[in-house]
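Dear colleague,

Please find below the sequence and structure that I am passing on to you.

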Amino acid sequence: MVTSKLWGSELEFRRIVLRVVLIVIIVAGVTFTINNWFAGHKILAMVELLVVILSFIILAIHKKTPNLTLWSSVFLCALYTVILFGIFSASYTSALYSWLFIVPVLSYLLLGTKLGTLYSVFYVISGCGILTFRHIMQNSEIPTIAIVNVGLTLTAIWALSYTYEQKRAEMVKRLQEMASLDPLTGLNNRLLLSSIFEMLCDSLPEKQKSVSMILLDLDHFKKVNDKFGHGVGDAVLVDVSRIINSMRRRNDWAFRFGGEEFCLLIPDVTPSQASSIAERLRYAVEHTLNAEGFTANMTASLGVARWPENGQELSEIYKVADERLYRAKEQGRNQIVAE
């Protein structure tokens, strides 16, 4: 799903979390590297130093990289591996196992529910397995209940982290839909127009770069509400959206701008094809509209513009299409203007 720029903050949220985590790990990593080096754990110190260097690299690129999830995955893989190595090599009394508690928290915050669950399952189970093997089976002085307590605490943190991320993701998705979809017709609303236009312009091959815009406005729609009521007027708008959806291709995009105005973005068609689509829409509205309670005739006026011939920016294309739409109105309505 293409998302509005309004919700680019979702990606920014993960960038901020990653930045904070990287800074914390750099500070902690430097501290542990120095401590373990002078304590004689030089292999562990060198491994921790590598994680610190990796953290510095990711910190330098995290603001601009388009592959944020990939770099987050690499970072967490390195961090969790060091944690497992430390648990295996250190004594139980060092309490290094407590770093396992951050595994589900960071996994879900940085990777989302699906990938976060995979990371949590692998590293939490591996950590508990190492604890059991290294400090229970090989050290009878440590009570089994100690490892059980660690496992129960991990399970609680895991469950809370998963629940939080799942509910947060559901809420963000719901807010995105509320912000980007017209609640009456289910079509995209105006907030998504700019994002989708840019996506179409950027994704088309060089030789096929064209996007046609069709603006459709229902003629005398106010009279429908006045004569039949707003409920019937809404039914007319819903049926117009049905007509539009039935005629558009899979890679075409449809919008309701509010009131009785609709818009289509149609990539990779010739000017004559765009005009033909507009004519089919006009005919369908006039002859196939079937809204419950509506017994009159409905017509539509349409304006057609084309990128890049009519302008380089979305605002320029829209202005041309809007001017042609109003020319269609002025020339008697129930027609299209494409030039």
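The notes below cover the sheet, the cores, the salt bridges and a surface patch.

This is a predicted model, in which local features need pLDDT of at least 70 and side-chain atom pairs count only at pLDDT 80 or more, while totals for chains, interfaces and linings use all residues. Residues are numbered from 1 along each chain as its sequence is written, and side-chain values use heavy atoms, with hydrogens and water left out.

Helices (H or I, at least four residues) and strands (E, at least two) are DSSP runs numbered from the N terminus. The model contains an open sheet of 5 strands in the order 2-3-1-4-5, with mixed pairing; two strands pair if DSSP finds at least two bridges between them. Strand 2 (253-258) and strand 5 (336-337) are at the edges, and each has a single partner strand, so one side of each is left without a neighbour in the sheet. Strand 4 (residues 300-307) runs parallel to strand 5 and is joined to it by 2 bridges; Gly303 has Val337 of strand 5 as its bridge partner.

Helix 6 (residues 193-203) has as its buried residues Leu193, Ser195, Ile196, Phe197, Leu200 and Cys201. Here buried means under 20% relative accessible area, exposed over 50%, and partly exposed in between (1.4 Å probe, protein chains only). These buried residues pack against strand 1 (211-218), strand 2, strand 3 (261-267), strand 4 and helix 10 (314-330).

Nonpolar cores

A nonpolar core is a set of buried Ala, Val, Leu, Ile, Met, Phe, Trp, Tyr and Cys residues joined through side-chain atoms within 4.5 Å. The largest has 33 residues, of which Phe75, Leu76, Tyr80 and Leu100 touch the most other members. Helix 1, helix 2, helix 3 (68-89), helix 4 (102-137) and helix 5 (144-180) each give two or more residues to this core. Apart from it lies another core of 31 residues, including Leu187, Val232, Ile243 and Ala278.

Beyond its neighbours within four places in sequence, Phe75 is in contact (heavy atoms within 4.5 Å) with Leu18, Val21, Leu22, Ile25, Leu54, Ser55 and Ile58.

Salt bridges

The count comes to 12 salt bridges, each being a side-chain nitrogen of Lys or Arg within 4 Å of a carboxyl oxygen of Asp or Glu. Arg14, Glu165 and Arg168 are linked in a network. Glu165 and Arg14 have their closest N and O atoms 3.2 Å apart, and the pair joins distant parts of the chain, with Glu165 in helix 5 and Arg14 in helix 1, 151 residues apart. Glu165 also meets Arg168 in a salt bridge (3.0 Å, N to O). The relative accessibility of Glu165 is 1%, so it counts as buried; Arg14, at 14%, counts as buried, and Arg168 is buried too.

In helix 9 (residues 271-288), Arg282 and Glu279 are 3 residues apart, and therefore about one helical turn. Their closest N and O atoms are 2.8 Å apart in a salt bridge. Arg282 is buried at 11%, whereas Glu279 is partly exposed at 33%.

Nonpolar patch

Val30, Ile34, Trp37, Phe38, Met46, Leu49, Leu50, Ile53 and Ile57 make a nonpolar surface patch of about 880 Å². Patches are made of residues with over 30% relative accessible area and no salt bridge, like charges being joined within 9 Å and nonpolar side chains (Val, Leu, Ile, Met, Phe, Trp, Tyr) within 5 Å; accessible areas come from the Shrake-Rupley method with a 1.4 Å probe, and for residues only the protein chains shown count as cover. Helix 1 (9-38) and helix 2 (42-61) each supply at least two of the patch residues, and helix 2 gives the most, with 5. Leu50, in helix 2, counts as exposed at 57% relative accessibility.

With kind regards
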